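Please read the points beside the sequence and the 3D view.

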Amino acid sequence: MSMINYASREINCKLVYYGPGLGGKTTNLEHVYAKVSPQTRGKMISLATETERTLFFDFLPVDLGTIRGFKTRFHLYTVPGQVYYNASRKLILKGVDGIVFVADSQLERMEANVESMQNLYDNMAEYGYDLTKIPFIVQYNKRDLPNAAPIKDLQAALNPGWPIEDAAQQKVTPDPNHPGENLVASEGGQWVGRAPYLEAVAVRGDGVFDTLKVVSKLVLKTLS
Amino acid sequence: MTGAASWSFSENDFKQIQTHLQAFLRDSNARCALLVDRTGQLVATVGETPQFDPTAFASLTAADFSANDQLAKMIGEPEFASLVHQGEKESMYLADIAKRVILVVLFDQRATLGLVKLKARSVVESLNKVFEEMFNRVGTGGAQQKGLLEGAEDEIDKLFG
């Protein structure tokens, strides 16, 4: 739920990093925190356990600059990835404007990824939000590991696409991040849409800002 | 609903909010009042300027309120319309406004919890009206927002180089 404050001339948007435990959600925020100049970001809040597992959320406000005289401020949140924290995970989704699903590319985490994605769809549905209609991207993290699954397999499992029924949207839409691939395409007579995806090695910072940029753009587009 | 709805408020709304909160602070002897929306965004601050990071404070307030909302449901209450956090010197009183916003009152030993609660009742009522009117306008607010962010993509591109 973006908030436009005409009095202080601010636009506030909420982004949530979702995904399985130990997938790199907090690492994404830590990298943004470390690299963005202190003038454009606020304090990073982490509600974590003693072993640095996210208990409730991490929070980082980042100013993306001024547009049309309005300061655009993005509030970045992560959710706790572990299955049993679902009650608090769901709370963080309230009023979300854009979602990054941080998937763990390791083969042995495939099941955890699928479970978390299903959980995201379920929690969003409970709020009445439709994941296919709000800014949503998938980040395949840990691409540097030798046991990383091929992107093709990850896409098939986590981002298989949804049917596009609206005729106005049934047009081939190229994926700007992957030449030769499409975000919307006709497959076997059925129009299918997919969430944009990016590859990352969050621990090195690779792909972290690209991810933030893609999702922020999508969110701001919904306001224009 | 396909996603979370946007909302906006004008300078006029802001002035009304300020007037109500200033009167409340005067009557209750509280130090400062903040309005935070349920998603954790700071809407307004009136009174003494807080010495802490208000953005972080707002996100934690929303999380606190949401968590308590769920606890209320678990014990069979529809909600906790207000919460109190009492410290040795500094205390907080939180109250729901129009189901979308949280009023946070910071007060010290110069004010009593009883007085804050009593005076909060009427300011909550007044703010409920202000915000309900504001949310009812959302339909027209959309037109106001349209085109506001044209050119935003270039700005983002510039930021990330």
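**Notes on chains A and B**

1. In chain A, 24 Å separate the centres of domain 1 and domain 2, taken over C-alpha atoms. The assignment gives domain 1 of chain A as 3–159 + 195–223 and domain 2 as 162–194; such bounds come from an automatic or database domain assignment. Each of the two contributes six residues to their contact, where two residues are in contact if their C-beta atoms, placed from the backbone, lie within 7 Å. On the side of domain 1 of chain A that touches domain 2 of chain A, four residues are nonpolar, two are polar and none is charged. Here Ala, Val, Leu, Ile, Met, Phe, Trp, Tyr, Cys and Pro count as nonpolar, Asp, Glu, Lys and Arg as charged, and the others, Gly among them, as polar.

2. On conventions: this is a predicted model, in which local features need pLDDT of at least 70 and side-chain atom pairs count only at pLDDT 80 or more, while totals for chains, interfaces and linings use all residues. Residues are numbered from 1 along each chain as its sequence is written, and chains are lettered from A and ligands numbered from 1 in the order in which they are written.

3. Chain B has five helices and six strands, in the order β-α-β-β-α-β-β-β-α-α-α from the N terminus on. Helices (H or I, at least four residues) and strands (E, at least two) are DSSP runs, numbered from the N terminus.

4. Five strands of chain B form an open sheet with antiparallel pairing, ordered E3-E2-E6-E5-E4; two strands pair if DSSP finds at least two bridges between them. Strands E3 (42–47) and E4 (82–86) of chain B are at the edges with a single partner strand each, so one side of each has no neighbour in the sheet.

5. Strand E2 (residues 32–37) of chain B is joined to E3(B) by five bridges. B:Leu34 has B:Thr45 as its bridge partner in E3(B). Helix H1 (residues 11–28) of chain B packs on the sheet and touches E2 and E3 of chain B, its direction making about 40 degrees with that of E3(B).

6. H1(B) and H3(B) pack at an angle of about 175 degrees, with axes 9 Å apart. Axes are lines fitted to C-alpha atoms, for helices over the stretch in contact, and angles run from 0 to 180 degrees between N-to-C directions. By class, nine nonpolar, four polar and three charged residues make up this contact of H1(B) with H3(B).
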